[in-house]
Amino acid sequence: MKFGKSICVLNVGGTRYAFTREVIRDFPLRRVSRLHACATEKEVLELCDDYDRDRNEFFFDRHAQAFVFIMLYVRSGKLRFVPGVCELSFYTEMLYWGLESAHLDTCCQKRLDDRMSEIGLDSLSEEDIRVSGDESQSQSEPVPRTALTGRARWLEMIRKTFEEPDSSLAAQLLASVSVIFVIVSMVMLCASTLPDWDTAKRNTVEEHRIVEAVCIGWFTADCTVRFLVARDKWDFLRRPLNIIDVIAITPYYVTMVMARAGMPGAGLGVAGVILRVLRMMRVFWLMKLARHFLGLQTLGLTLRRCYREMVMLMVFVCVAMAIYSALAQLLEHGLDLGMQNPDYASIPAAAWWVIISMTTVGYGDVYPVTVGGRVLGGMCVVSGIVLLALPITFIYHSFVQCYHELKLRSARYARSLSTEILP
């Protein structure tokens, strides 16, 4: 800045802030820091709404309260929404001053995604609502977030690489390798149940051991590193996928220890059965693919948010099943009218017929033979269709909202990644 006084005053919505030229030059907000490079008043007026040369005061006709929260971000590194202000309005203020959605805290990012999905902005980018086009010149000037230093910075970088596959190019490469190991492990698990597997395993026992050891080693290293860099170790241990990881990995090492001790798992009776059951838990490693595929993430998020509707659906089905199974047992077997149907000898046996009828599967292995039983069967099928359809609308809308939210989040990560690759 080659004009004005050494003290610069920013007037945002009537609130005045005084800074020195050096502070303006290194200011974390792009729009403010660019004032230092202005050589003429014309260039200044391209960045602000008015300029008072005598007092060296820059006027910005923007939301004063929103700027207060943005200044709190400048000082503390934490950016949150202003209470009582529309998320999209505050987001527009952020874009005006040169901030992106990635600067928001995680909880506020979720609120922004929810708000965008509610109004159908499923492909919104920062450029879509950028005001007046005057930010186009500053796209090459990234705004640094308040950075962690030393050991904490490296731990956070490693944590993101392992936990957030879309956070960087290295994270994407690591995720791809993890997917390959999951697929190889699942192929090995499925092949181990084939009748000819034991013969093939005896012929190539060393190769099978090497493949299994490499897969288990990878999953062990992945789980260990994620535990060491986790922000909250107790929260890490409580996550279902991490519990599955530990349960699926443990049998391999237990089997190895027993083999070294001369105690093969096949001869341990109940213990051997438990080990085989735990080893079969590896199939749940497929859930790790949810980190990399939007569809599985949407399904998981929908089930988590719609657990009340799912419980309501289960209650509907259980109540109807209890009523219809009791009536079916009475009509087909309990009245003893000379046509006792042995398939309906008990209410639990009739419950199987009720559930396959309500879901319109109808295997045909159990069916009523009396007139009353057939009438009841028709009522069971029709009421099953109605009861199953009632909560579906809520679940569907939640699924669509979750899909839009995750799609926005994925697009934000993709933009951050493209900025990292192509600065």
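Helices (H or I, at least four residues) and strands (E, at least two) are DSSP runs, numbered from the N terminus. This is a predicted model: local features need pLDDT of at least 70, side-chain atom pairs count only at pLDDT 80 or more, and totals for chains, interfaces and linings use all residues. Residues are numbered from 1 along each chain as its sequence is written, and side-chain values use heavy atoms, with hydrogens and water left out.

**Stop 1: the whole chain**

Show the protein chain as a cartoon. It has 18 helices and 4 strands. Of its 423 residues, 37% are buried. Buried means under 20% relative accessible area, exposed over 50%, and partly exposed in between (1.4 Å probe, protein chains only). Contact means heavy atoms within 4.5 Å. Among contacts in the protein chain with a separation of 6 or more, 65% join residues 24 or more positions apart.

Now colour by pLDDT, the predictor's confidence in each residue, from 0 to 100. The chain averages 78, and 82% of the residues score at least 70. Confidence is lowest in helix H9 (residues 197-203), with a mean of 61. The highest mean, 91, belongs to helix H16 (residues 347-358). Residues 122-148 have pLDDT below 50; beyond near neighbours in sequence, this stretch makes 58 contacts in the model.

**Stop 2: the sheet**

Select S1, S2, S3 and S4. They form an open sheet of 4 strands in the order S2-S1-S4-S3, with mixed pairing. Two strands pair if DSSP finds at least two bridges between them. The edge strands, S2 and strand S3 (50-52), each pair on one side only. Neighbouring strands are turned by 20° against each other on average, direction ignored. For such angles, axes are lines fitted to C-alpha atoms, for helices over the stretch in contact, and angles run from 0 to 180 degrees between N-to-C directions.

Zoom in on S1. Of its 6 residues, 5 are buried. In which sense does S1 pair with S2? Antiparallel, over 6 bridges. Val-12 stands opposite Thr-15 in S2. The hairpin of S1 and S2 has 2 residues between the strands, and Gly-13 takes a positive phi near 60° there. With S4, S1 pairs in the parallel sense over 4 bridges. Here Asn-11 has Phe-59 in S4 as its bridge partner.

**Stop 3: the nonpolar cores**

A nonpolar core is a set of buried Ala, Val, Leu, Ile, Met, Phe, Trp, Tyr and Cys residues joined through side-chain atoms within 4.5 Å. Select Leu-10, Phe-58, Phe-60, Phe-90 and Trp-97. In the largest core, of 39 residues, these touch the most other members. Strand S1 (7-12), strand S2 (15-20), S4, H4, H5 and helix H6 (106-118) each give two or more residues. H5 gives the most, with 7 residues.

Centre on Trp-97. Leaving aside neighbours within four places in sequence, its contacts include Val-12, Leu-29, Phe-60, Arg-62, Phe-67 and Ile-70. Apart from this core lies another, of 13 residues, among them Met-186, Ile-249, Tyr-252 and Trp-285.

**Stop 4: salt bridges**

The structure holds 11 salt bridges. A salt bridge is a side-chain nitrogen of Lys or Arg within 4 Å of a carboxyl oxygen of Asp or Glu.

Begin with the network that links Arg-16, Asp-52, Arg-55 and Glu-57. Within it, Glu-57 and Arg-55 have their closest N and O atoms 3.4 Å apart. Glu-57 counts as buried because its relative accessibility is 1%. Arg-55, at 45%, counts as partly exposed.

Next, take Glu-93 and Arg-62, a salt bridge at 3.1 Å, N to O. Glu-93 lies in helix H5 (residues 87-97) and Arg-62 in the loop between strand S4 (57-60) and helix H4 (64-76), so the pair ties together parts 31 residues apart in sequence. Both residues are buried.

Then pick Arg-226 and Asp-222, whose side chains also meet at 3.1 Å, N to O. They sit 4 residues apart in helix H10 (residues 205-228), so about one helical turn separates them. Arg-226 and Asp-222 are both buried.

**Stop 5: Thr-302**

Finish at Thr-302, in helix H14 (residues 294-305). Is Thr-302 buried or exposed? Thr-302 counts as buried because its relative accessibility is 4%. Not counting residues up to four places away in sequence, Thr-302 touches Ile-395, Ser-398, Phe-399 and Cys-402.
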